[in-house]
Amino acid sequence: MNVFRLLGDVSHLVAIIILFLKIFRSKSCAGISGKSQVLFALVFTTRYLDLFTSFISIYNTVMKVVFLVLSYATVYLIYLRFRSSYDSESDTFRVEFLLVPVAGLSFLENYDFTPIEILWTFSIYLESVAILPQLFMITKTGEAESITTHYLFFLGLYRALYLANWVWRYHTEGFFDQIAVVSGVVQTIFYCDFFYLYVTKVLKGNSKLTLPMPV
């Protein structure tokens, strides 16, 4: 554990908590992509199957359980508790265009051809693209509430910090996880334009992030 990994975990947790509290307190999931949240729940489910097979540390176990509980609680709020506020007409990204290639790639490129390892690899690949339905939804509507952009910012910050963590581990331990690093770079690239808009608009006090050319 190093400072980049710790801060990355904290940023990830903050992002999930921000989104959950936003929905729970406002009693609305307007502007939130339910499809992205289902994909993230699937990411955590397939990645944390080792909860039943191995123990690393109390910290590791607690964080995994918290991520699982919050992700499924968020999905519950979107599709059941506050379903009437869910904008399904704008959340139209075709997730099968993500799931099929990711599933195929996880069978072709992995470290060990076992069910647990393939599912772990699937989770890594899927996480790199799971945010696309949310970004597509923002592009389609042309705007996003500031609280939603805060969520996306911390989610992107988590990925950037994890990249720093991998660089640190490579220089100090000689450790390099090609699958995780490449997937992390791809995911971080998706946030680049958003980071620019976040800094130039949201941090200057705009209550909403509005795109120049809504689609």
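User: Which residues touch the most other members of the largest nonpolar core?
Analyst: Ile 23, Phe 44, Leu 126, Ile 131, Tyr 151 and Leu 155, out of 46 residues in that core. A nonpolar core is a set of buried Ala, Val, Leu, Ile, Met, Phe, Trp, Tyr and Cys residues joined through side-chain atoms within 4.5 Å. Buried means under 20% relative accessible area, with a 1.4 Å probe and protein chains only.

User: Which helices supply at least two residues of this core?
Analyst: Helix 1 (3–26), helix 2 (34–47), helix 3 (58–81), helix 4 (96–108), helix 5 (115–129), helix 6 (132–141), helix 7 (146–173) and helix 8 (178–200) each do. Helices are DSSP runs (H or I, at least four residues), numbered from the N terminus.

User: What are the ground rules?
Analyst: This is a predicted model: local features need pLDDT of at least 70, side-chain atom pairs count only at pLDDT 80 or more, and totals for chains, interfaces and linings use all residues. Residues are numbered from 1 along each chain as its sequence is written, and side-chain values use heavy atoms, without hydrogens and water.

User: What does Leu 155 touch?
Analyst: Leaving out residues up to four places away in sequence, Leu 155 touches His 12, Ala 15, Phe 40, Ile 131 and Tyr 191. Contact means heavy atoms within 4.5 Å.

User: New topic. What does UniProt list as "transmembrane region"?
Analyst: The unreviewed entry lists several spans, including residues 36–56 and 151–168. Such annotations may be inferred rather than shown by experiment.

User: How much helix is in each of those two?
Analyst: Residues 36–56 are 57% helix and 0% strand, with end C-alpha atoms 29 Å apart. Residues 151–168 are 100% helix and 0% strand, and their end C-alpha atoms lie 26 Å apart. Strands are DSSP runs too (E, at least two residues).

Key: Buried < 20%, exposed > 50% of the residue type's maximum accessible area, 1.4 Å probe, protein only.
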